[in-house]
Amino acid sequence: MNRFGIRFSFTTFGESHGKAIGCVVDGVPAGLTIDEAYIQRELDRRKPGQNAYATARKEEDTVEILSGVFEGKSTGTPIAMVIYNTNQKSKDYSNIKDIFRPGHADYTYWHKYGIRDYRGGGRSSARETAARVAAGAIAKLMLREVGITVKSGISEIAGIAASSFDFDHVLTSEIYALDPSVEQAQKDAILLAKNDHDSVGGVAQVRIENLPVGLGEPLYYKLDAVLADAMMGINAVKAVEIGDGLLGTRLHGSENNDPIRHSGFESNHSGGILGGISNGDAVRLSVYFKPTPSIFREQHTTTTEGEDVDFALKGRHDPCVAIRGSVVCEAMAALVVADMLLLNMGRTIEGVARYYHV
Ligand SMILES: Cc1cc2nc3c(=O)[nH]c(=O)nc-3n(C[C@H](O)[C@H](O)[C@H](O)COP(=O)(O)O)c2cc1C
Ligand SMILES: C=C(O[C@@H]1CC(C(=O)O)=C[C@@H](OP(=O)(O)O)[C@H]1O)C(=O)O
């Protein structure tokens, strides 16, 4: 993996109920216009507490840039950004101090570190993903300069699937649904589960357009591998599909191949990647989110002292994490592509010569 500070990389810090969360983005080329209002708009798309389909925790997620930007442009030094937590209500979490929530990371964090910030799950809370969205917005600003776009939306919730994808519809959709004809049914399924003190899973679609041919390496750093790594690293993601990957396993080669003409590919089952390298067509990902683990039903669990108990938790939780998660997928995809673009610049002698104006 690339070391922090080399090429386009980032890390995050902070806990859900701590003072703040944030990120440091490094390797951003100097001279990039850093549109702070754009970064905020991206954060607004993910922020909690906006409607009945999201957690009730209300955070404005106002971003503050601490470094790496001078007179509106990146300076080539690390860009640090901070988002202060304002609405923690940590008392609601006192009942999970010594208890492991089924499906959450409490059990593994406790056994790995021997100490755990139980207030909202600390760093394991997806509150952390706000910092990824801030970092992803910087990557998107860079991609915008070269005409690459990254979009996302929800195709499926609780098994109710879109029959077509309209990426522009997500701008008007409360739950970023890609298909207006199933949006109401998807919303109803979320509220039904929520009223029943339960939760549902969902699937997000990510589409990256206008990529050049050639991003991705032959062994490590294949484009599909790094995108899958980035998606699987998002809280609650349990599977990633590239193009028609799953369907393809049930097809014949004659059906699954994308025929080639001088003018381009005649179909895009591959999801825009061949041999781990972008082929110039849209890169398409399906990202599968499990149902929210924190539910308000009584469940079996055990305490840190090894006592088996039945308990029902409190707190404020998303009834379907895929919705806000889709915005995180977009950010992570943009971060991967920004990094791969920088890596690719030195991959041919022509590329190097072009850079040095030889
Ligand atoms: C945007 C987003 C919001 C989430 N909101 C919640 C939530 O409100 N409650 C919860 O228990 N899990 C939520 N999750 C999922 C947990 O963070 C995740 O399941 C947990 O960290 C355990 O990790 P794992 O599911 O990847 O194994 C959310 C995930 C994302 C991406
Ligand atoms: C606060 C956010 O989402 C949180 C993600 C989350 C979890 O367990 O992942 C649990 C809930 O919060 P807490 O950490 O207080 O329990 C959600 O509200 C956010 O996305 O900004």
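Predicted model: local features only at pLDDT ≥ 70, side-chain atom pairs only at ≥ 80, totals over all residues.

Me: Which residues come nearest to ligand 1, then?

Reply: Ala 126, Asn 235, Ser 294, His 317 and Gly 325 come nearest, out of 20 residues around ligand 1. Helix α8, residues 322-344, gives the most to that shell, with three residues.

Me: What makes up the shell around ligand 1 by class?

Reply: There are seven nonpolar, 10 polar and three charged residues in the shell around ligand 1. Gly counts as polar here.

Me: And what surrounds ligand 2?

Reply: Ligand 2 has 16 residues around it, and Ser 16, Thr 55, Gly 120, Ser 125 and Ala 126 are the closest. That shell divides into three nonpolar, nine polar and four charged residues.

Me: What does Arg 46 touch?

Reply: Setting aside residues up to four places away in sequence, Arg 46 touches Thr 129, Ala 130, Val 133, Arg 324, Val 327 and Val 328.

Me: What makes Phe 311 partly exposed?

Reply: That label sits between the two cut-offs: exposed means 12 or fewer, buried means 20 or more. Phe 311 has 14 other C-beta atoms within 10 Å, so Phe 311 is partly exposed. Phe 311 belongs to strand β17, residues 308-311.

Me: How do you know that Phe 311 is in contact with Gln 299?

Reply: Contact is called when the C-beta atoms of two residues, placed from the backbone, lie within 7 Å. Gln 299 is among the contacts of Phe 311, along with Ile 99, Glu 298 and Thr 301, once neighbours within four places in sequence are left aside. Phe 311 and Gln 299 are 12 residues apart along the chain, with 5.6 Å between their C-alpha atoms.

Me: What about Ser 124 and Pro 291: why are they called partly exposed?

Reply: Use the cut-offs again. Ser 124 has 18 other C-beta atoms within 10 Å, so Ser 124 is partly exposed. Pro 291 has 19 C-beta neighbours inside 10 Å, and therefore Pro 291 counts as partly exposed too. Ser 124 is in the loop between α2 and α3, and Pro 291 is in the loop between β15 and β16. In an unreviewed UniProt entry, the "binding site" positions include Ser 124 and Pro 291.

Me: Which residues do those two touch?

Reply: Beyond four places in sequence, Ser 124 touches Ala 105 and Tyr 109, while Pro 291 is in contact with Ser 199, Val 200 and Gly 201.

Me: Last one: how do helices α5 and α8 pack?

Reply: Helix α5, residues 223-232, and α8 pack at an angle of about 145°, with their axes 9 Å apart. The contact is made by residues including Leu 223, Val 226 and Leu 227 of α5, and Cys 329, Met 332 and Ala 333 of α8. By class, the contact of α5 with α8 has 11 nonpolar residues, no polar and no charged. The crossing of α5 and α8 is right-handed.

Conventions
Residues numbered from 1 in each chain as written. Chains lettered and ligands numbered in written order. Near = placed C-beta within 6 Å. Helix = DSSP H or I, 4+ residues; strand = E, 2+ residues; numbered from the N terminus. Axes fitted to C-alpha atoms, helices over the stretch in contact; angles between N-to-C directions. Left-handed = near helix turned anticlockwise from the far one by under 90°. UniProt positions renumbered as here; feature names shortened; annotations may be inferred.
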